[in-house]
Amino acid sequence: MDSKAADQALETLHQISSILDCGLDKETLRILVGLCEAGVNPEALAHVVKELRREAALLRASDPAQQSGGGVRQ
C-alpha cells in the first residue's frame, strides 16, 4: 500500500473510531494496525487496550493530585 493510500486508510479508521467513541487517536490506531499487520491477534490487542485503560483509571482515582485538579506534589 502506498503512503497516500495508507494515510487515507488511517484517516478512515480514525473517523470510524471517533464515531464509535473509542477514544483512540491516530498514532494509537497506527500502532495497533501495525501490530495487527505484524500478526498480533486483534482480540488480544483489544484486551490489552481495555486493561491499560482500566489500570490508568485506577491510578488516576488513587492519585490525590489528579483529584484536586493536578499540580506538582511536594
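I took buried as under 20% relative accessible area, exposed as over 50%, and partly exposed as in between (1.4 Å probe, protein chains only). The model is predicted, so I kept local features at pLDDT of at least 70 and side-chain atom pairs at pLDDT 80 or more, while totals for chains, interfaces and linings use all residues. Residues are numbered from 1 along each chain as its sequence is written, and side-chain values use heavy atoms, without hydrogens and water.

Entry: salt bridges. I counted a side-chain nitrogen of Lys or Arg within 4 Å of a carboxyl oxygen of Asp or Glu. My search of the whole structure returned 4 salt bridges.

I looked at Lys-26 and Glu-11, whose side chains form one at 2.4 Å, N to O. Lys-26 is in helix 2 and Glu-11 in helix 1, 15 residues apart, so the pair links distant parts of the chain (helices are DSSP runs of H or I, at least four residues, numbered from the N terminus). Glu-11 is partly exposed at 25% relative accessibility, and Lys-26 is partly exposed at 38%.

I then checked Glu-27 and Arg-30, which form a salt bridge at 2.5 Å, N to O. They are separated by about one helical turn because they sit 3 residues apart in helix 2.

I also found Glu-55 bridged to Arg-54, with the closest N and O atoms 2.9 Å apart. Glu-51, Arg-54 and Glu-55 are linked in a network of salt bridges.

Entry: exposed residue. I noted Ile-19 in helix 1; Ile-19 counts as exposed because its relative accessibility is 71%.

Key:
Helix = DSSP H or I, 4+ residues; strand = E, 2+ residues; numbered from the N terminus.
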